[in-house]
Amino acid sequence: MSAVVIVGAQWGDEGKGKVVDFCTEFADVVVRYAGGPNAGHTLVVGDEKVIVRLIPSGILREGTRCVLGQGMVVDPSVLIGEIDTLEGRGYAGLAARLTVSDRAHLILPYHVLVDSLREGGKGAIGTTKKGIGPAYEDKVRRTGVRAGDLRDLGRLRARVEAALEAWLPTITHLGGRAPSAAELMEPMVPLAERIVPMLDNASKLVDDAIRAGRRVMLEGAQGTLLDIDHGTYPFVTSSNAVAGGAAVGSGIGPNRISTVLGITKAYTTRVGAGPFPTELDDRDGQHLREVGAEFGSVTGRPRRTGWLDLPALRYAARVNGLDGLALTKLDVLTGMDRLKVCVGYDTPAGRTSEFPIDLLDVPGVLPVYQELAGWTEHLGEYRTLDELPSTARAYIRFLEEGAGVPVYFLSVGPRRRETIVLHNPFVGRAAAP
Ligand code: GDP
Ligand code: IMO
Ligand code: MG
């Protein structure tokens, strides 16, 4: 009677979508607990590729209830667009399996406008320009509009007017033109009609499901190093992406969570600005980008690529309390002669095995690498650990020892079947009748 958290252990895009989709075979309810349409989670079923931004990655498994938790920020037009696109691709009746927390905050056009205007100026950090930061600002400023406000259009309009008034000086200062409340409300009416039937008290729904013995999965977005508190501030997103955010963002007590599964690539990527100590600007970096198809699933931006950073992974293990890892994209390393892994950092104060997260921009703080042998075999067809080349097994062992966390799932390709299960935390968690 407990929930499993799936959390990104790096800077996002670790393959959470693939792992959640794979694990949904063992889940009855999947809850997204943070972020919004800045996320892009890729699911590959057969030869079909689906990218979800707001909808939880369990949606392609019939019979699974998918919940947008109150830790999320939801853009109503993006949500409806996503539902229509998926239904148009043959996933009929999908809206009936979706629940939207009535406490989730809405992303409205003025949030997207402010995000875009700011990104055009000096303070740009390379956001996804989806209005994430401004929507969370509204939440904390207590001027936010919540999904539950869609139930009463009069109340919705009053809240939109108050929020607009609060944003007006910022929009004017940034050289933008604020929309009027009337302009904003017109498209909201049909969107509200579609979203209101999906609204519910998600906290109670999820807690009831756990009490009834249903298997609940809490799906993170972004990653540990993009977390507002534990990431590389200020080059972060505006929510708690870490596992601690799963309890708050889904509305359950932390003691309802039994297992935390961290997702990490076999190397590292980052989109947007900010420190990335193991970043590569050479043929190895190009190999990772091209073979790993490292282009943003939301913005199409080329992802920055680099070697695996073990101190950063240990940091993620600590701040999330990771029980196990899903190691993805091991297949992408095929063909690289020598693999480097960051095992520590040189700093002006000496060598450390800690991730020096607050010193990453200090001159002289540099990663220390250990080299490991590569392999040439294509891994996509392997289904057990024993079949893997010995150098690949050595790489996994090195990672497990360095991170201090065992690998539960090994992903050797984007498809469901390209997964090796070493330990399944869902087994023994029977489905409710
Ligand atoms: P997410 O945001 O964490 O869900 O990750 P994204 O979907 O943004 O990016 C991960 C990308 O890697 C997607 O294109 C996936 O289809 C792909 N992917 C996931 N696991 C693997 C893997 O093991 N090998 C390869 N080659 N691709 C993978
Ligand atoms: P998933 O869930 C990778 C990054 C942006 C930017 C910073 C802030 O697919 O892993 P924001 O729009 O959130 O204000 O941008 O965070 N970012 C992501 N990078 N994967 C994501 O999501 C991301 N969501 C936000 O590139 O650097
Ligand atoms: Mg992504």
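Here is a short chat about the two ligands in this predicted model.

Guide: In this predicted model, local features need pLDDT of at least 70, side-chain atom pairs count only at pLDDT 80 or more, and totals for chains, interfaces and linings use all residues. Residues are numbered from 1 along each chain as its sequence is written, ligands are numbered from 1 in the order in which they are written, and side-chain values use heavy atoms, with hydrogens and water left out.

Visitor: What makes Thr128 a polar contact of ligand 2?

Guide: A polar contact is a pair of N or O atoms within 3.5 Å. An N or O atom in the Thr128 side chain is 2.6 Å from an oxygen atom of ligand 2, so the pair qualifies. For Gln222, a backbone N or O atom lies 2.8 Å from a ligand 2 oxygen.

Visitor: Why is ligand 2 said to lie between domain 1 and domain 2?

Guide: Both domain 1 (3–97 + 201–421) and domain 2 (105–197) give residues to its shell, so it lies between them. Those bounds come from an automatic or database domain assignment.

Visitor: Which residues come nearest to ligand 1?

Guide: Lys16, Gly17, Thr42, Asp331 and Ser411, out of 20 around it; "around" means a heavy atom within 4 Å.

Visitor: What makes Thr42 a polar contact of ligand 1?

Guide: One of its polar side-chain atoms lies 2.5 Å from an oxygen atom of ligand 1. That passes the cut-off, so it counts.

Note on methods
A polar contact is a pair of N or O atoms within 3.5 Å; within protein, one must be able to donate a hydrogen and the other to accept it, and residues adjacent in sequence count only if both atoms are side-chain atoms.
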